[in-house]
2 protein chains.
Amino acid sequence: RLDLWTSVSALVNTWRAFMYGGKLLVVPQDGSHWLSMRMVLEKLWEKGHEVVAVVPDAALLLKSSQSFTVKTYPVPYTQEFVDESYQKLGQNSFETLTFSLLFRNITELTNMFTSACRHLLSDKELMKYLQDSKFDAIMMDPVLPCGPILAEYLSLPSVYFMRGLPCTLDYKATQSPSPVSYVPKTLSSLSDHMAFPERVKNFLIGFSEPLLCHLFYLKFERLASEFLQRDVTIQELFSQASVWLMRYDFVFEYPRPIMPNMVYIGGINCLQKQPLSKEFEAVVNASGEHGIVVFSLGSMVSEIPMKKAMEIAEALGTVPQTVFWRYTGKAPPNLPKNVKLVKWLPQNDLLAHPKTRAFITHGGSHGVYEGICNAVPMVLMPLFGDQMDNAKRVESRGAGLTLNILEMTSSDISNALKAVINDKKYKENIQRLSDLHLDRPIHPLDLAVHWVEFVMRHKGAPHLRPAAHDLNWVQYHSLDVIAFLAAVTLLSLFISFKCCLCCCRRFCCKKGRTGKATKAKSH
Amino acid sequence: RLDLWTSVSALVNTWRAFMYGGKLLVVPQDGSHWLSMRMVLEKLWEKGHEVVAVVPDAALLLKSSQSFTVKTYPVPYTQEFVDESYQKLGQNSFETLTFSLLFRNITELTNMFTSACRHLLSDKELMKYLQDSKFDAIMMDPVLPCGPILAEYLSLPSVYFMRGLPCTLDYKATQSPSPVSYVPKTLSSLSDHMAFPERVKNFLIGFSEPLLCHLFYLKFERLASEFLQRDVTIQELFSQASVWLMRYDFVFEYPRPIMPNMVYIGGINCLQKQPLSKEFEAVVNASGEHGIVVFSLGSMVSEIPMKKAMEIAEALGTVPQTVFWRYTGKAPPNLPKNVKLVKWLPQNDLLAHPKTRAFITHGGSHGVYEGICNAVPMVLMPLFGDQMDNAKRVESRGAGLTLNILEMTSSDISNALKAVINDKKYKENIQRLSDLHLDRPIHPLDLAVHWVEFVMRHKGAPHLRPAAHDLNWVQYHSLDVIAFLAAVTLLSLFISFKCCLCCCRRFCCKKGRTGKATKAKSH
């Protein structure tokens, strides 16, 4: 019966696409990245487009959808292995990692994704289906670049949907200049206002980026070259993207040069406030004038070391607010009365409640934007990835305070929490950011949908592709022009100098001879 | 009775602003620039904002408005002088100008505008009114920068509305990088794909820009320093702008790095198609299967030298289409039957008519966008200013052909016109551009209105101001960092070298001595 249902649903989809819309292939990224992308896909599906996502059969959040089509492909690892890998990433954040351990962790994850990608690309049946399906465009989260390889292979115009790429590769691939003097490098935890030593640091990170990037993407580059049967670099693949949907805006990110094919859709994940369930509503109402605090370290942290958990619990007991703590691990024995431990919480709806005074978060981009949308000051405990950068951005705007998860003590947490709740400037700053962020001509979800449809309708956006892509490094920096002009200038200077010298000599000689002649005469 | 009406209308405006909106001061630029800006102002007025424009009492198109308030200030020249100056600009385009004459023309115009600006700034009564009025923001066309001086004086956040500034000053003032290798300089008539000699030309123009800009804006810079009682540069004044509304988009302009506070509103002037008047409708219908051609060189050309006019008339006679020629000068005696000379024509409505086959235009940005909106291939006869650049952009997209107004012969015109009408590729290309241009998430007029309101609501847009403004030239280019790192590298190399040398010497000496000792022993 499931097969019949699948067939009927596929038929309905094909009919809808024929009547109303286009066909979109989707290569998503697992984890929280998927959540906001799914919103765009559902909206596209509602508008009558046929949407087909290809996902590995063992994944964290990538599951079949009630609306659009999901095609799974087999991978050589199990669901348990995936869950474990993500959990390990979360747990490792609470330990001081040696470089070799960190490197092993990253290698393990990229190995998993490369392996998934290799299995997708070598799945003959699926690939044939994709080729025969005649999609209008491909949408992807390119952070681990299986999508760009597939786009190149299927010759499809692509839309990227993302928070950022390692080594500022997003801005390199779009030919957007990034002056190191005020554009902080990814994962540097720097702001746009840097003192001299910070500028030196940013410069050195920028200097080492090509090598780091090469190492990080080496496996994918090999896979791409092997599969496409020609030598390609990852930057070359990325530079083919038609439109880049960036999951942030300049209320959050530091203003910097951008390109016309970059579209900023920060806050796309902020949902309309929904009414709270009775259980939550009751606790919120009982919190009285002090209100509540929302605390979540995201879905990737299920267990916190007990010592750390007890320190956190102790700190939470020092504030008069009721704290909702989303935590699936073992409850610390010193859990104070004002802390409600929950396995899950309606994060956005709680943040949107007028009684919410603060948000303790790991600083994932989705959470930070929910904090901004609802104007809740934050205490940030960044764990990994872009979370340090996100925390820096919120803190440098005076809208929150950052704690070092490894070094923070109970009193650090308590002080930070009290500060963001009681010092009015944090609320004022986040309110200002929120007002700026929400004052936009079009909702980011509609903007994202428009640009995906644009690429589907026009088979790309070649009019937004800068001519810089057709220049080599020497030409781009006008080094050949400078060399030519320098040569011309030097040559003309040399000739002028020689002419002058010649004239002078003649004049002197003449004078000398005349002088001699006069002398001879006078004798 | 007029006074009573003015008072009542002022009262109504104040009440409306109190109830619904903000207060906007406007410093417009005369000429065609005014036409699209007025559309934004009228929409803002409709939305309940109080809009006050300050204009000189002798002007070409800046007239009192039925909706928003216009405050005039006296200037020391007459209406006739203004009309004559603009006419001269139009007429001069048909003559080969010597550099000195061109320079005199430009000087004359900038003198007129500087004088108007000086009179505005020294109008004590008006200035007091402006200071007392507590505006929320100031909107201006900054090409001749009286507005930026006023904005600085009144400490108002500003919105710029414009097509471009001389010497790429717009991109310099916003800190947007403009690589000379693929970003053609203003007024260079170059495209984004340049051969080596063109890149040399673009580089040299870029090199000479600071001097040219200094000379062009010298008078305004002096006026600004005098009025603000401190030394200011024009770039410094421009860099204060909160939001830049650019009257073009990347269907027309070449893609290049931009900044987050630049908003692209190309096509803002394209109106909804209105039904044609009976006279025009009758002629269009009578044109049969061949359709019509629309021909206008803009409002600034009233008279064309008779020889040129006769050549044009002769060329127009060679096509089977009916030609509407907007021309206020003396009709050439050889005017063919298929050419209808009119003093005025509903340009957008005619271009929107399905029978329209081609558009002969001087390439003003408004006209070009009407051509793009309505997908009509163009023959461009650029006269001055940005029109050469505009023509280059249309031609390089294969959507039109450019003629040199000084050198074109009757057969050149005829050939170009026949080509754009009969060669399908021109229609296909302009149709593609039109489709891309019109496929946007929000109408440019609404986008412009949103951003003006944004600046009014938030008293600027400081979150979009890049930190680059706080760096000096050496810091921006990281020259201090590079020098520091070079010094450290050299020093460490030198120390390592010295150490090595020292070690070697010791080693050699020891060996030498040991050698000697061995030798001595062996003897």
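Which side chain does that of A:Arg393 meet in a salt bridge? The partner is A:Glu253, at 2.8 Å from N to O; a salt bridge here is a side-chain nitrogen of Lys or Arg within 4 Å of a carboxyl oxygen of Asp or Glu. The model is predicted, so local features need pLDDT of at least 70 and side-chain atom pairs count only at pLDDT 80 or more, whereas totals for chains, interfaces and linings use all residues. Residues are numbered from 1 along each chain as its sequence is written, chains are lettered from A and ligands numbered from 1 in the order in which they are written, and side-chain values use heavy atoms, with hydrogens and water left out.

Chain A is divided into domain 1 (13-269 + 442-470), domain 2 (278-438) and domain 3 (476-516), with bounds that come from an automatic or database domain assignment. The C-alpha centres of domains 1 and 2 of chain A lie 29 Å apart. Between these two domains of chain A, 33 residues of domain 1 are in contact with 31 residues of domain 2, contact meaning heavy atoms within 4.5 Å. Together domain 1 and domain 2 of chain A bury about 2800 Å², of which 57% is on carbon and sulfur atoms; buried area is the accessible area (1.4 Å probe) that two parts lose on being put together, summed over both. On the side of domain 1 of chain A, the residues that lose the most area to domain 2 are A:Phe94, A:Val251 and A:Phe252, together 29% of what that side buries. The count of salt bridges between domain 1 and domain 2 of chain A is 2.
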